[in-house]
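Thanks for asking me to look this one over. Below are my notes as numbered points, to be read alongside the model.

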Amino acid sequence: MSDKPESLTQADESALMQLREEIDRLDTEILALISKRANCAMKVAEVKMKASGNAGAVFYRPEREAQVLTSVMDRNPGPLGNEDMAKLFREIMSACLALEKPMEVAYLGPEGTFTQQAALKHFGQWVKTKPMPAIDEVFREVEAGACNYGVVPVENSSEGIVNHTLDTFITSNIKICGEVELRIHHHLLAGPNTKHDKISRIYSHQQSLAQCRKWLDAHMPHAERIAVSSNAEAAKRVQGEWNSAAIAGELAASLYDLEIVESKIEDSPDNSTRFLIIGTEQVGPSSEDKTSLVVSMRNEPGALYHLLKPFNEFGVDMTRLETRPSMTGNWTYVFFIDFAGHCEDESAIKVINAIRETAVDVKVLGSYPKGVL
Ligand SMILES: C=C(O[C@@H]1C=C(C(=O)O)C=C[C@H]1O)C(=O)O
């Protein structure tokens, strides 16, 4: 059978050539427009530096980036899908921001974790990402100014809240300046020495083993399940081992050169994890925002009523309420609250002031754009 592409007629050849000439003309225009846009971004950086007296200018503006991406999706004429078009603009903005100031972003490592994937999804490929061994180390890296921003996991759709992240906010002054959600696909990965029918050990993070429990029970009931600190750690470990496999994501497979033996083995079809972007600056309003608070209340009758009443009274939509034991003493609790809107909104100010009247302490963790991508 000929391995040449099917031979085209003279007319087809001519049509193909004309279309490619049109694409070349369009690429020339796109090249010029992206370059003009990049020059514009550099002038924006000059304005930011002048406005801040050249010291501590804030170049990354999540509220503005959310507006750009939302506008792109609203105006997208097709045929590319809205999310695909937004991802293209995500990378253009990432390159423009890097011209203003190269960003370094800390994340829960090691390399290849879903948190790294989330960081690259949110900031684009132009940021430098730095793996940290633990969630509180990500906070410390940002507090110390060693990195501009951080990315930490906060909630998984099947496993619930990541308590370590919430607990770290209680004692930290770091702000939340964004959020990003990642569809979590777990794959069974193996190194070159592993015979797929001889796999006797499977490594992964405890949460990932739990999220694939039914698949493992059905397909590999006799393989030993070994929990390690992260999925990427699992992938790194099986590189050199034989007859073992890891459950991890696509990024880990490519980083550690592992074969995807079985893909998408998670039990829940819409398994996803929400990550928070942390930084030192409060974010301005974007018109599609949410605000996160941590409130400590006296352990007395009616405490929860006084906490919830202002939201109803001032018409603010509370979207999340989590309770955590406080670090200060037994049987006292703190409440993590998310609500729709920005903390500078008039109604939000009224709610926060009303809560302050009965709470022991109220800390605004941050207002930030709702995740767009
Ligand atoms: C250009 C700006 O700087 C950055 C780059 C942006 C972009 O490329 O559109 C948007 C927001 C900022 O993160 C700006 O603040 O407008």
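**Notes on the model**

1. I30 sits in helix α1; helices here are DSSP runs of H or I with at least four residues, strands are runs of E with at least two, and both are numbered from the N terminus. A word on the source: this is a predicted model, in which local features need pLDDT of at least 70 and side-chain atom pairs count only at pLDDT 80 or more, while totals for chains, interfaces and linings use all residues. Residues are numbered from 1 along each chain as its sequence is written, and side-chain values use heavy atoms, with hydrogens and water left out.

2. How exposed is I30? I30 is partly exposed, as its relative accessible area is 44%, and the label covers values between buried (under 20%) and exposed (over 50%), with a 1.4 Å probe and protein chains only. Together with L26 and I34, I30 makes a nonpolar surface patch of about 240 Å². Patches take residues with over 30% relative accessible area and no salt bridge, joining nonpolar side chains (Val, Leu, Ile, Met, Phe, Trp, Tyr) within 5 Å and like charges within 9 Å. A salt bridge, in turn, is a side-chain nitrogen of Lys or Arg within 4 Å of a carboxyl oxygen of Asp or Glu.

3. For the overall picture, the protein chain has twelve helices and 15 strands. Its C-alpha atoms fill a box of roughly 80 × 60 × 35 Å along the principal axes. Of the 373 residues in the protein chain, 46% are buried.

4. Which residues place polar atoms by the ligand's oxygen atoms? A polar side-chain atom of E65 lies 2.7 Å from a ligand oxygen, and one of R37 lies 2.8 Å from a ligand oxygen. R61 uses its backbone instead, with an N or O atom 3.1 Å from an oxygen of the ligand. The cut-off for such a pair of N or O atoms is 3.5 Å. On its own the ligand has 360 Å² of accessible area, and the protein covers 90% of it; areas come from the Shrake-Rupley method.

5. Two peptide bonds deserve a look. The one from G78 to P79 is cis, with omega near 5°, and P79 lies in the loop between α2 and α3. G109 and P110 are also joined by a cis bond, with omega about 5°; P110 is in the loop between β1 (104-108) and α4 (114-123).

6. Please check two backbone angles as well. Most residues other than glycine have a negative phi. D257 has a positive phi of about 55° and lies in the loop between α10 (250-255) and β10 (259-262). S287 has a positive phi of about 85°, and its loop runs between β11 (272-279) and β12 (289-296). D257 is exposed at 66% relative accessibility, and S287 is exposed at 64%.

Methods: A polar contact is a pair of N or O atoms within 3.5 Å; within protein, one must be able to donate a hydrogen and the other to accept it, and residues adjacent in sequence count only if both atoms are side-chain atoms. Accessible areas come from the Shrake-Rupley method with a 1.4 Å probe; for residues, only the protein chains shown count as cover.
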